[in-house]
Amino acid sequence: MEQYEILYEDEDIIVVDKLGAMPVQKDKSGDTSLQDMLSAELASRSESASASEEVFMEAAHRVDRRASGAVIFAKTAKALSTLEAAFRARKVTKMYVACVEKEPQALEGKLEHILVVDKRTNITRALPLDLVPPTPEANRLFKAGQRCSLHYTMTCRSDRYFFLDVKIESGKHHQIRAQLSAAGYPIRGDLKYGARRSCPSGRIMLHAWKIAFSQPRTGTRVEITAPFPADEPLWKVYETAVMPGESVL
């Protein structure tokens, strides 16, 4: 299976559907990243021997290594700074689809937690807002965390799994994975956050399905839908139940 598919490209940006279980940018694993692959592809289009050194390619945001879906890359420094500012100002709209192992108690809802990232284990803890820290260590974690929320709507189900449309405003480290797990709805394949078993693809069933933003130079609104990985048959359940374009960004 292809590792990525280019969904949109102009002189300033590239939007890619990340399909492989790989990092968006280089990390301590040393594995080839999506950014590396895109840089190599752009360099291959040029006849210049030093093209690989001349290519500017930087991710404007990230999708988890084992997740899939839309990622925006900037081809110029100006485009990168403009996109990063748009993300900080929450002017970029993203919608994810998560396939979870347990049916939510409500068909739609809002989850709010204090998120605390453990850099040593690379795990994000989602603490309830009404937690009364019983120890000095718990109190330290609570104070160090960030208050985050997500909105979900259950759209359909299979015999054993449930599909949620998920929207978040900020996008903290492992936010969707941690919050859904804390609520009792671990994502299929996500062993790190309580799933029963892994997926054969090595991915988890969390997909950045839609993204909408302003083109960094012209300001034209761009809306992208990222196809689901074709090697995971379970996504067909969602595709069959939800007509493309029905879920509004």
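Trainee: How many residues does the largest nonpolar core have, and which have the most contacts inside it?

Mentor: A nonpolar core is a set of buried Ala, Val, Leu, Ile, Met, Phe, Trp, Tyr and Cys residues joined through side-chain atoms within 4.5 Å. Buried means under 20% relative accessible area, with a 1.4 Å probe and protein chains only. Here the largest such core has 46 residues, and Phe 73, Phe 163, Val 166, Leu 180, Ile 187 and Tyr 238 have the most contacts inside it. Strand β5 (residues 93-100) gives the most to this core, 6 residues. A second, separate core of 17 residues includes Leu 83, Phe 87, Ile 211 and Ala 226.

This is a predicted model, where local features need pLDDT of at least 70, side-chain atom pairs count only at pLDDT 80 or more, and totals for chains, interfaces and linings use all residues. Residues are numbered from 1 along each chain as its sequence is written, and side-chain values use heavy atoms, leaving out hydrogens and water.

Trainee: Is helix α5 mostly covered or mostly open, and what covers its buried residues?

Mentor: Helices (H or I, at least four residues) and strands (E, at least two) are DSSP runs, numbered from the N terminus. Helix α5 (residues 175-182) is mostly covered, with 6 of its 8 residues buried. Among them are Ile 176, Ala 178 and Leu 180. The cover includes β5, β6, β7, β8, β9 and β10, where contact means heavy atoms within 4.5 Å. After α5 comes Gly 184, with a positive phi near 100°.

Trainee: What share of the protein's residues count as buried?

Mentor: Of its 249 residues, 47% do.

Methods:
Buried means under 20% relative accessible area, exposed over 50%, partly exposed in between (1.4 Å probe, protein chains only).
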